[in-house]
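Please keep the structure open as you read.

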There are 2 protein chains.
Amino acid sequence: MEVSAVLLIGVDGGGTHSRLILSDETGQILATGEGGGINFNAIGMEQARANLFDAAEALLGSQNARLSDCSLLSVGSSALDAPAGEALTAEFCGSRFAPERCLMDSDAAVSLLAAARGEAGILLIAGTGSMGAAIDARGNRYVGGGWGYLLGDSGSGFDIGRRALLAAAEAEEGGAPTLLRALFLRRFELNSVRALLPVLYGPDFHPADLAAFAPVADCAAEKGDAVATEILDTAAAASARLCAFLYQQSGAEHVYVYGGVFEHSHRYNAAFLNALNELGLGHLHVSPPLLPPEAGALLAAAHRLGLAPAAFLSKLEQSIEIMRNKAKSKENAR
Amino acid sequence: MEVSAVLLIGVDGGGTHSRLILSDETGQILATGEGGGINFNAIGMEQARANLFDAAEALLGSQNARLSDCSLLSVGSSALDAPAGEALTAEFCGSRFAPERCLMDSDAAVSLLAAARGEAGILLIAGTGSMGAAIDARGNRYVGGGWGYLLGDSGSGFDIGRRALLAAAEAEEGGAPTLLRALFLRRFELNSVRALLPVLYGPDFHPADLAAFAPVADCAAEKGDAVATEILDTAAAASARLCAFLYQQSGAEHVYVYGGVFEHSHRYNAAFLNALNELGLGHLHVSPPLLPPEAGALLAAAHRLGLAPAAFLSKLEQSIEIMRNKAKSKENAR
């Protein structure tokens, strides 16, 4: 196989996991890969650097290329909330890569670029945490929410899981009866929610783990539980308010919703659309992101190199479509 | 000075601080003292043991007595939520003290004993965290709330501080305008609440630190801010619901309220009484605890030794009264 003259890598880099995508200058995807977390705030600069460049090296190796053959490495990192400056980029690259060929921005920025394919748009994330970002027609960026778990992370899986467990606890002490209590007790094989406290405040439990309880709320809501339904509706309304704020800032009418809560909770999605309607925003177009975040990092790289955006995007979408179909037929063949 | 034949020590042992009180068998207070934290879950058994017995030794030393002269050491510990068993007591005492002369119970239990002077009563705590406990006329105990910061610790300073900061953040993004925002920005000398995020999630900030923001809500509420008033009212209503649950369990009609929020927030207290009324509990008697927690530990010790409870209590109250008056006249003399 001949090595392409231009090799671009796009990275969606999270706290525990990264996704990489390699393309040529036309937007043709050559390979995809995965790696460890690269959030240097969480795991330290050295480990983050090793995780990223080891994964990039492996990805390039699959095409008989080396790290030094990479024309531009574009990274969306959960450690950032704005583009990284020169000093930080140089520190991150260390001796592994030439910093002038490395672009680093926030994970939200590349996700938004991918979601809206470089156009104006609003991105709402409701996964473990929640946050929102928007870009207007002139390329101005806005952020909203993302206040983190200490302030409750309204609308997130953490928010839903936390409220669900609290409702179960309160049901034990004179609060509204709810199916949530029985579901939690069965899950933990306990006789009381109070007996869960040593687990909750034990050394192995992290605040973010509360997000894993969000599906319990879904399960109860699907069975008609009023308390669980109220929790999901309240969380969805918070996301709708965040959307309204970002719409007011950006004027963008396309809303891309992302993350486990949007992906899995029917009730949450329905309540979100309902709340948007009530806010007079029924005309907004709501859909999943058009492209995965790592493709947004590639778009940023193509933009930096001055590649024709429409042609690059079109080829990129084509090859993502082909990749997805291949994955699907593989799955069907099983 | 002659050393009394019976020496009892009562301890209120918290996470960072302990208070000790030494009495003879009549309930006459001989000395009081302070020490480091003794929550062995937080600081480890060895450190907790050293902190307690060093402080007890110093207290006894002030009366020319030694640790081995102590007839009964009674400890209320924030590390416990029930009386400690023999094994745990022996582990805690190590080689410093004879475990058969050591009583260990939860801080809530001794606080309740002190608050209600050994009678039936309900204790509500709203400090950094919140919790409730009750004891009925037959000595049965009940607990409620105390779900900790992960579940929001309803009604606590943490709850109030967290909601106040969140309201300030939301005011920045289309939420209801509130004086809270200006107060936080002035306090931190920042231009936006968002700029506070690196502090909030920095290594030096602990979730419990949010409780320190509760007075900001008070300040705003006193100036008529509707958002802050609503936050305090919601928190106070949570404490009232906890009270209703414990009343339903125990039938106790005396409610003792304790902790920084009850001590300092006028609005919270007013809203609490109002919420009790609305729950049909206007007949309950609400007051601060009658005695400090360490005196409750002494009462437990006297009970264990079979000392005449009424006489012991009466002498104990007398000498606490004398101590308080001395402290007051000292303060006035300054």
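1. Start with a charge. B:Arg194 places its charged end over the ring of A:Trp147, 4.5 Å from the centre. Sitting over a ring requires NZ of Lys or CZ of Arg within 6 Å of the ring centre and within 35 degrees of the ring normal. A:Arg101 also lies over a ring face, that of A:Phe97, at 5.2 Å from the ring centre.

2. Know the source. This is a predicted model, where local features need pLDDT of at least 70, side-chain atom pairs count only at pLDDT 80 or more, and totals for chains, interfaces and linings use all residues. Side-chain values use heavy atoms, without hydrogens and water, residues are numbered from 1 along each chain as its sequence is written, and chains are lettered from A and ligands numbered from 1 in the order in which they are written.

3. Now the ring pairs. Rings of Phe, Tyr and Trp (its six-membered ring) pair if their centres lie within 6.5 Å; planes under 30 degrees apart are stacked, over 60 edge-to-face, the rest tilted. The count is 20 aromatic pairs over all chains. Why is the pair of A:Tyr149 and B:Tyr201 tilted? Their planes stand at 55°, with the centres 5.9 Å apart.

4. A:Tyr149 is partly exposed, at 30% relative accessible area. B:Tyr201 is partly exposed too, at 34%. Buried means under 20%, exposed over 50%, partly exposed in between (1.4 Å probe, protein chains only).
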